[in-house]
Amino acid sequence: MDTNINKAINAGLLAYGMSGKVFHAPFLHAHGGFNLKAVVERSHKNAVNDYPNIISYNSVEELLNDKEIELVVINTPNNLHYEHAKAALNAHKNILVEKPFTATSEQAKELFELADSVGKQIFFYQNRRWDSDFTSVKKVIDSGKLGKLVEVHLRYDRYRNVIGPKAFKEKPVEASGLLYDLGPHLLDQVISLFGKPLSFHKILGKNRAGTLVDDYFSIQLSYPDSVNVFVTSSMLVVNPQPGFVLHGVNGSFIKQRTDIQEEQLLAGMKLTDPAYGIESPSKDGLLTTIDAEGNKTEEIIKSETGSYLPLFEAIYQSITNNKPYPVTRGDVLIQLEIIEN
């Protein structure tokens, strides 16, 4: 990576729960272009156990008042993203914001204008673009072996037949429910492949006893040349279906949703471990093609290695060298307009 240790960017996390501990801190620490300087911990001071030199602030305001911090990670509850992003920009910080970026496209546009007015950058944490399963799917599409795509399915399922403890996900507050939780992942993957749809149709469901928010969604997106894409997620799938099913005029590709990075990081694996990001061979995808004579050929497609480190490298290059960040404002506005309408 093209980094200069003398230009390390001081970074701060607004929370050190699961996302801070797993999805952000290890990468900011491992990347030579960043210095993980501080975190906000209101009660339990756990970050120092992992990063002895880190500063633990008691409030968001304290961290934002640290003039040395240049990049703030907004990894607080969904309904606070807009408030905290606005406060960080007003404190003249670059920001990395978890999904969903905001609850509405209007909030997003306001933050874009604010960022431009203070001369700071907004980065969107759409890490699923760097999952091993998705990069494997993208490689198959780019190979052209499927021919013209006809039908594409992306699923992200779980089985949680209870109301969870996190109020920002389960209460009818701004940006709550499954559509705001997992919809940004699936929609960003689709948008990164196909862009803005010609049209879309959305279905929401509430199926768990006592739920106050949607726990099921399915969205059909229509693209040029009769390409139809379907994204689906449910909290009540006992036996998960393949995460990726692609059908083209020349064949089909089936792939489980199998990225292992979250599991490995939760287990304490370091990014330097040779096994990091490598799926089990049993999880490889199956590509089935057919020739003009009707002969079928099956090919096992070895999974790509997953790593979220390129996302942080892209942030570093954007801040230091003005290189474009791969997740654009336009991508996020398309996503939000689908979710909110």
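Helices (H or I, at least four residues) and strands (E, at least two) are DSSP runs, numbered from the N terminus. The expected span of a helix is 1.5 Å times one less than its number of residues. This is a predicted model: local features need pLDDT of at least 70, side-chain atom pairs count only at pLDDT 80 or more, and totals for chains, interfaces and linings use all residues. Residues are numbered from 1 along each chain as its sequence is written, and side-chain values use heavy atoms, leaving out hydrogens and water.

**Stop 1: helix α5.** Select residues 105-118. These 14 residues reach 20 Å from first C-alpha to last, close to the 20 Å expected. Color the buried residues (under 20% relative accessible area; exposed is over 50%, partly exposed in between; 1.4 Å probe, protein chains only). Among them are Leu-111, Phe-112 and Leu-114. The buried residues of α5 pack against α4 (81-90), β6 (122-125) and α11 (329-340). Step on to Gly-119, which follows α5 and has a positive phi, near 70°.

**Stop 2: salt bridges.** The cut-off is a side-chain nitrogen of Lys or Arg within 4 Å of a carboxyl oxygen of Asp or Glu. The structure holds 20.

- Select Glu-299 and Lys-145: their salt bridge is 3.4 Å, N to O. Glu-299 lies in strand β14 and Lys-145 in the loop between α6 and β7, so the pair ties together parts 154 residues apart in sequence.
- Select Glu-170 and Arg-208: the closest N and O atoms are 2.9 Å apart. Glu-170 counts as buried at 10% relative accessibility, and Arg-208 at 4%.
- Finish with Lys-99, Arg-158, Lys-169 and Asp-181, linked in a salt-bridge network.

Notes:
Contact means heavy atoms within 4.5 Å.
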